[in-house]
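Welcome, and please open your viewer. We will go from stop to stop, selecting a few residues each time and seeing what is there.

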Amino acid sequence: MKVYFPCSQCFCSTSDDQVVHKNVKGEGSGTKFRLFSYQELKVASDGFSSKNKVGEGGFGTVYKGQLTDRSIVAIKVLSVELESMRGEREFVSEIAALCDVQHENLVNLHGCCVEGAKRCLVYDYMENNSLAYQFLGGEQNRISFDWTKRKNVLLGVAKALAYLHEEKNPHIVHRDIKASNVLLDHNFNPKVADFGLAKLFQEGTSHVSTRVAGTLGYLSPEYAVSGRLTRKSDVYSFGVLLLEIISGRSVVDFDMENGEQFLVDKAWGMHNCNSLVELVDPVLLKGDDDDDRLIAEAVHFMKVGLLCVQEVAKLRPRMSKVIKMLTDETSVEGVKISQPGFLADLMDVKIDKKKSSQTF
Ligand SMILES: Nc1ncnc2c1ncn2[C@@H]1O[C@H](COP(=O)(O)OP(=O)(O)OP(=O)(O)O)[C@@H](O)[C@H]1O
């Protein structure tokens, strides 16, 4: 995808901070990509004040802000070293292209700010923060996620991934599906965040290596160990997320006793003893006639999750097939589920930086 820059020297040499750079856009997209000035984002977030800080991640800090048109946005101020970042033009090109990637279950990206060493991304603000914050924060949080809400979240994330994998050409591998990258709008609809961000960095660098064990639990073994990245790596991460949402447990929980700490391992063991039913989050059950139907559906979902985390990547289903299985268009009964890929010692995993930017 080409991006047109009207001026030969730079793309933001304007004295007007509020200007909308209408002539910088993804080809044929009609997308309203905006190049924001740092000053505008500073004003919007009240000087990036701590009261507007909504989160912090491996890429930087996120602030809530209000633009002059009164729209509420999330401003991600990237704090990655400049040397590891793409040059200005390439950076803007990538962001303009990402603004063209639109789906009801992806967080809408409005544009970016590039001034000297400063790099910011501007997204729609999601009222209900992330799934990690809302859902994995303890039993009280999980109670508000009934079965309908959980299914809605899973199907939404699956649709977003099917769109990135199978409708975009060339396809996009998200690389970082996890509960903190699933944001929730005012109606608790899921919106996947952070797609395509890895492309903003120079070949051979990856912020994944700085992650904690919990995040590594989402990585497919082939990606974590050798940097081999395919769409099936996202399918693996989706399977992990699914198991978390149905069981209410985190992928890795060192507070639990031995044998219980690693969710994928636990689910596989229970599948082999035909006792997956015991892994269904107890807070989902109401003690009424509906429980049997709910449990059957939840176990069905977990079998789909186990298909997604199989060790052999090519055995994992494509996301469109996952959607069909989750909506019962395709049965999973009788489908053989093979051993999951599982990182026994997550702390020992080393990301091969040279290979981590490969896609297949
Ligand atoms: N568009 C948004 N609307 C509302 N809150 C957001 C938005 N984007 C991010 N956040 C909040 O900021 C936090 C940090 O987000 P960020 O994407 O920087 O990091 P992360 O996904 O938590 O971790 P990592 O960078 O390691 O992937 C999120 O967990 C969420 O709470």
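How many salt bridges does the rule find across the interface of domain 1 and domain 2? To look for the answer in this predicted model, colour residues 2–124 as domain 1 and residues 131–348 as domain 2. Across their interface the rule finds one salt bridge.

**Stop 1: the domain interface**

Stay with the two colours for a moment. Domain 1 brings 23 residues to the contact, and domain 2 brings 23 residues too. About 2,200 Å² is buried between the two domains, and carbon and sulfur atoms give 64% of that area. Now select F59, R86 and N105: these residues supply 29% of the area that domain 1 buries against domain 2, more than any other three residues.

**Stop 2: a pair of helices**

Next, select helix α5, residues 147–167, together with helix α8, residues 231–247. Their axes are 11 Å apart and the packing angle is about 175°. Since angles over 145 degrees count as roughly antiparallel, α5 is roughly antiparallel to α8.

Show the side chains where the two helices meet. On the α5 side you will find W147, R150, V153, L154, V157, A158, L161 and H165. Facing them in α8 are R231, D234, V235, F238, L241, L242, I245 and I246. Sorted by class, this contact has 12 nonpolar residues, one polar residue and three charged residues.

**Stop 3: salt bridges**

R150 lies in helix α5, while D281 is in the loop between α9 (263–272) and α10 (290–308), so the pair ties together parts that are 131 residues apart in sequence.

For another example, select K76 and D194. Here the closest N and O atoms of the salt bridge are 2.5 Å apart. Side chains of opposite charge can pair when their charged atoms come close. The structure holds 14 salt bridges, so there are others to look for.

**Stop 4: two spots in the backbone**

Where does P170 sit? You will find P170 in the loop between α5 and β7 (182–184). Zoom in on the peptide bond from N169 to P170, which is cis, with omega near 0°.

Finally, go to F188 in the loop between β7 and β8 (190–192). F188 is not a glycine, yet its phi is positive, at about 65°.

Terms used. Residues numbered from 1 in each chain as written. Predicted model: local features only at pLDDT ≥ 70, side-chain atom pairs only at ≥ 80, totals over all residues. Heavy atoms only, no water. Axes fitted to C-alpha atoms, helices over the stretch in contact; angles between N-to-C directions. Helix = DSSP H or I, 4+ residues; strand = E, 2+ residues; numbered from the N terminus. Parallel < 35°, antiparallel > 145°, perpendicular 65-115°, else oblique. Contact = heavy atoms within 4.5 Å. Nonpolar A, V, L, I, M, F, W, Y, C, P; charged D, E, K, R; others polar. Domains from an automatic or database assignment. Buried area = accessible area lost by both parts, 1.4 Å probe. Salt bridge = Lys/Arg side-chain N within 4 Å of Asp/Glu carboxyl O.
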